Amino acid sequence: TAHHHRGQQPLPLSSSFVVIISTTMPLGGRPLAEFCQYVPLRLSSQERALLRVLEAALHVSEYTDHVDVAASHRRGAKVRRILDGIMEACHISTGLAVASGEEQTLISNLEIATKGPHGGGKMSKKKKKLQKKLGLKGGKSRRKKQQQVSDVAATAAASAGSSLAANDPKANAAFFQTIFEIGRRNKVLNPNQMRTTYGKLMYLMQDAQNQTVAKSLGMSLWKELQLVGGFVKENDCDDLLHDKRLEGATRHVTDRKADGTKFTREEVQCRVKEKRDLMELLVKQYASKSKLGEEQVRRVIESISDAIAYVELNVRPVQTMLDLLE
């Protein structure tokens with residue numbers, strides 16, 4: 001990987017700047033558009049609200065405890081435990097959405113076809129426990145977190161007056177697929193998170209793919225990860241990935257030159273400003289010519305920038321050691 005851009009002086013936003021940046025990306029010689037086909041899309045603030053729902057559900061679920069104690073020679077009993085455990089996790093997630101107090105707003109932003117009247121009734125101990133887990137009790141903190149959950153936009157519309165709790169779990173399949181996909185994508189983006197819950201999620205999804213279990217469930221919990229390449233293609237914004245300026249807008253800014261010496265604070269700030277200015281130019285241009293708004297275009301660019309920074313930070317120590325050995 002070439003790293004010569006570390007030793008260069010900051011350049012204006014010109015064609016020469018873009019060409020220089022394009023030859024110094026830490027992509028192993030691959031085109032940026034190809035690299036983006038494997039870059040997960042950064043979570044939006046609304047998706048993070050759903051992530052909290054999932055993490056709380058996994059924390060209180062005892063799926064692995066119950067399934068692992070089933071004797072291997074009693075296959076029927078183990079399948080029954082797996083089904084019960086999966087449905088319990090789904091019901092807990094549904095209960096948390098209802099317990100948020102903003103269920104109708106939440107449903108209207110989800111890609112779920114729901115039917116039936118709104119379910120009422122006294123709140124269960126499990127729902128109260130989940131509320132406490134997520135900090136939904138008390139004053140401004142409660143209202144703030146309820147608002148975040150209520151603003152979750154996963155994908156599509158639901159009929160007015162419907163309820164997640166009133167539906168059969170099969171009717172809420174898109175809701176479960178969405179939160180599980182968000183959990184998996186978050187783990188790819190942040191490997192240091194979900195240390196105690198991700199294993200449980202993987203066991204649950206793995207068991208749900210079993211042919212016998214899947215047939216009994218009557219629904220799939222799997223959904224493809226939302227990647228940058230697929231996201232821009234769906235929204236008629238493919239040209240963004242082939243724009244030369246994108247490489248400058250997503251480059252990794254470091255405070256060290258190729259020889260190991262440091263840039264001055266002014267030089268680093270200038271490079272950061274150049275990167276920011278390029279991003280704003282791209283945001284304004286492509287938000288006006290695609291289905292994406294400015295926030296979504298910015299989210300795409302930041303997702304690519306995150307991935308390049310992650311690769312750079314992990315490759316650099318290895319490359320430095322190889323250089324020293326040579």
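Buried here means under 20% relative accessible area, exposed means over 50%, and partly exposed is in between. The model on screen is predicted.

**Stop 1: L164**

Select L164, in the loop between α8 (139-150) and α9. Its relative accessibility is 1%, so L164 counts as buried.

**Stop 2: T94**

Stay on T94, which belongs to helix α5. With a relative accessible area of 8%, T94 is buried as well. Show what surrounds this residue: beyond the residues up to four places away in sequence, T94 touches L164, A165, N172, F175 and F176.

**Stop 3: A166**

Move to A166, also placed in the loop between α8 and α9. Is A166 buried or partly exposed? Its relative accessibility is 40%, so A166 counts as partly exposed. A distance drawn from the C-alpha atom of A166 to that of T94 reads 10.0 Å, for a separation of 72 residues along the chain.

**Stop 4: the largest nonpolar core**

Next, select I86, F180, L204 and L221. Within the largest nonpolar core, which has 30 residues, these four touch the most other members. At least two residues of this core come from each of α3, α4 (63-68), α5 (75-99), α9, α10 and α11 (211-217). Which helix gives the most to this core? It is α5, with 7 residues.

Centre the view on L204. Setting aside neighbours within four places in sequence, L204 is in contact with Y63, I86, A89, F180 and L221. Another core, of 27 residues, lies apart from the largest one; V228, V232, L241 and V300 are among its members. In soluble globular proteins, nonpolar side chains tend to be buried together.

**Stop 5: helix α3**

Colour residues 45-60, which form helix α3. At 1.5 Å a residue, its 16 residues should span 22 Å; the C-alpha atoms at its ends are 24 Å apart, which agrees. To see which positions of α3 are buried, select E47, A49, L50, L51, V53, L54, A56, A57, L58 and V60.

**Stop 6: two positive phi values**

Most residues other than glycine have a negative phi. Go to M194, in the loop between α9 (173-189) and α10 (198-208). The phi of M194 is near 55 degrees, a positive value in a residue other than glycine. M194 is buried, since its relative accessible area is 6%.

Then go to D236, in the loop between α12 (228-234) and α13 (245-249). Here too a residue other than glycine has a positive phi, near 55 degrees.

**Stop 7: cysteines**

How many disulfides does the structure hold? The number is 0. C36 counts as buried because its relative accessibility is 0%. C237 counts as buried because its relative accessibility is 2%.

Technical notes:
Residues are numbered from 1 along each chain as its sequence is written. This is a predicted model: local features need pLDDT of at least 70, side-chain atom pairs count only at pLDDT 80 or more; totals for chains, interfaces and linings use all residues. Side-chain values use heavy atoms; hydrogens and water are left out. Helices (H or I, at least four residues) and strands (E, at least two) are DSSP runs, numbered from the N terminus. The expected span of a helix is 1.5 Å times one less than its number of residues. Buried means under 20% relative accessible area, exposed over 50%, partly exposed in between (1.4 Å probe, protein chains only). A nonpolar core is a set of buried Ala, Val, Leu, Ile, Met, Phe, Trp, Tyr and Cys residues joined through side-chain atoms within 4.5 Å. Contact means heavy atoms within 4.5 Å. A disulfide is a pair of cysteine sulfur atoms within 2.5 Å.
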